[in-house]
Amino acid sequence: MERRKIVAGNWKMNMTPAKAVELIATLRPLVESSDVDVVFCVPAIDIVPALTATRGTNIEIGAQNMYFEESGAYTGEISPEMLEGAGVKYVILGHSERREYFHETDEELNKKVKKAFEHGLTPILCCGETLQQREMGITLDWIKLQIKSDLAGVPSSDVANMVIAYEPIWAIGTGKTATTEQAQEVCKAIRDCIADIYNDSTAQSVRIQYGGSVNAGNASQLFAQPDIDGGLVGGASLKPEFGKIVNCK
Ligand code: PGA
């Protein structure tokens, strides 16, 4: 089955609304592509201006997080209904920075994944191991545990349409990319895990990204792997280099 590639920029906590609009104006002509889905996951305060600035283009806007309740007394949180109402299509869930600094648990992420689908949002669910876990040889077991917990009770029809991002924590923002073999091995293990929990057609349909120091120099080799369907890009998504990553062959 031919899966359409998806390249998403994770802007993290960068860019004021005015700077976001400027960056979109710079990147817009560079990320035109009919072969790849292009997503900018921007800070919450930039979502509305980014939606306006990308209207009529091939760029979709994503959020970087959301809460699992619909509304109410949850000061500081953003609800799935708000994202849907604004016109957001994607939401990153379970990024390792959120798991580490904001103590997000798999149980919460499971609720978030389900809520995202209820509101027509496509989750980009992140998973990944620490360097210590890799050195201990428990990477694949750990990733499978994350996937199984985060997707518990999520129907196959939803999983088939979601995005999973494999991001080894030791490769994020460090300039240390996983080798193509390491990245492919884990992305294949994720696909096999989906086949075990669900079935082959769900596994063949879910899109799996690699993330962690993706740049213009390594993207084409990574994205050419049979189980890697694009990337989740941090640092390089804030630069014209992102255009090269989107259009790498
Ligand atoms: P990086 O970040 O590309 O800067 O390593 C990737 C991510 O955290 O999504």
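A pocket is an open set of points on a 1 Å grid over the protein atoms alone, where a 1.4 Å probe fits, with protein on both sides within 12 Å along at least five of seven lines. Lining residues have an atom within 4 Å of a point. A volume is the space filled by probe spheres set on the points.

This is a predicted model, where local features need pLDDT of at least 70. Residues are numbered from 1 along each chain.

**Exercise 1.** Describe the largest pocket.

*Solution.* 
- Step 1: take the volume, about 520 Å³.
- Step 2: list the lining, which has 18 residues. Nearest the centre lie Met13, Gln64, Asn65, Arg98 and Phe102.
- Step 3: find the top contributor. Helix H4 (residues 96-101) gives the most, with three residues. Helices are DSSP runs of H or I with at least four residues, and strands are E runs with at least two.
- Step 4: sort the lining into nine nonpolar, five polar and four charged residues. Asp, Glu, Lys and Arg count as charged, and Gly is among the polar.

**Exercise 2.** Describe the second largest pocket.

*Solution.* 
- Step 1: its volume is about 260 Å³.
- Step 2: 21 residues line this pocket, and Gly173, Ser213, Gly234, Gly235 and Ala236 are closest to its centre.
- Step 3: the lining holds seven nonpolar, 10 polar and four charged residues.

Key
Predicted model: local features only at pLDDT ≥ 70, side-chain atom pairs only at ≥ 80, totals over all residues. Heavy atoms only, no water.
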